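Keep the structure open while reading.

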Amino acid sequence: MRIRSLPCALASSALGMRGFSALTSRTAGWFRRLLQKPRQSSIHTSSSSHSTDSHSLSSSPSSSSSAWNSNSSSSTSSSAQPDCPAPADIVSSSNARWVKRYDVCICHSEVDLEFVEELVSYLESQPESLRCFLQLRDSVAGGAVVTELCEAVQNSHCWVMLITPSFLQDPWCRYQMHQALAEAPMAGGRTIPVLKDIDRKDYPKELRNLYYIYTALKENCFRRVRDTVLRYLEELCRSSTSGME
């Protein structure tokens, strides 16, 4: 009886060992899967992050390109807008300026020739290339003084009167001054008195209704003369253009 039960006990013991081995194997497999899941998740997260970065990098040039195109189009549209012509362009291109031979006539005494030559050189060197009448340079040889002075006044847009002690004592200078006032009684910016080396009380009565330029600073005086001449020419050319329209 005892001999028969021994094989049964051994058999049941072997079955128990196999069951325990199978249980142990399943438990180990469960732990391996449990440990592998975070690793796979981290790999997935890393790959998704990498793909997201790649997407952002690939989309960045297009966004910057679209921004550049927007800026480019806006700058192009703004540059395409027509600009108002600059004053220098108006003065140079208008036919009203070229109706007369000179832009400005310098009325002066021969004693003040050096100062006048500097003024003329300054005006003629401007970008607008102002055309000046200088009596000793531009008068026709053999022409009558009265005729030359009258034609110079009539063929000039503006007249600069260099009022000095010598000017006040020169009958021809006063004659030319009267001719200019007769040509444009209301002046309108055409007659430009410039005072040099005289007191305010010696300022000619015929010009008392006109503002004058004083020559305390030569450079400032020259610049104001230029600006006054250009201002008149601009107004003349603009009114001529608007009249044609």
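Lys 218 is partly exposed, because its relative accessibility is 32%. Its side chain meets that of Glu 118 in a salt bridge, 2.9 Å from N to O. This is a predicted model.

**Salt bridges**
- The whole structure holds 9 salt bridges.
- Glu 206 and Arg 174 form a salt bridge through their side chains at 3.4 Å, N to O.
- Glu 206 lies in the loop between strand 4 (191-195) and strand 5, and Arg 174 in helix 7, so this pair ties together parts 32 residues apart in sequence.
- Glu 206 is partly exposed at 30%, and Arg 174 is partly exposed at 25%.
- Asp 202 and Lys 201 meet in a salt bridge at 3.4 Å, N to O.
- Asp 202 is partly exposed at 33%, whereas Lys 201 is exposed at 63%.
- Salt bridges also link Arg 97, Asp 103 and Arg 131 in a network.

**Thr 215**
- Thr 215 is in the loop between strand 5 (213-214) and helix 8 (218-244).
- Thr 215 is buried, with a relative accessible area of 15%.
- The Thr 215 side chain reaches the backbone oxygen of Leu 195 at 3.1 Å.
- Residues touched by Thr 215 include Phe 115, Val 194 and Cys 221.

**Nonpolar patch**
- Val 145, Val 146 and Trp 172 make a nonpolar surface patch of about 240 Å².
- Trp 172 belongs to helix 7 (residues 171-183) and is partly exposed at 40% relative accessibility.

Terms used
Residues are numbered from 1 along each chain as its sequence is written. This is a predicted model: local features need pLDDT of at least 70, side-chain atom pairs count only at pLDDT 80 or more; totals for chains, interfaces and linings use all residues. Side-chain values use heavy atoms; hydrogens and water are left out. Patches are made of residues with over 30% relative accessible area and no salt bridge: like charges are joined within 9 Å, nonpolar side chains (Val, Leu, Ile, Met, Phe, Trp, Tyr) within 5 Å. Accessible areas come from the Shrake-Rupley method with a 1.4 Å probe; for residues, only the protein chains shown count as cover. A salt bridge is a side-chain nitrogen of Lys or Arg within 4 Å of a carboxyl oxygen of Asp or Glu. Helices (H or I, at least four residues) and strands (E, at least two) are DSSP runs, numbered from the N terminus. Buried means under 20% relative accessible area, exposed over 50%, partly exposed in between (1.4 Å probe, protein chains only). A polar contact is a pair of N or O atoms within 3.5 Å; within protein, one must be able to donate a hydrogen and the other to accept it, and residues adjacent in sequence count only if both atoms are side-chain atoms. Contact means heavy atoms within 4.5 Å. Lists of a residue's contacts leave out its neighbours within four places in sequence.
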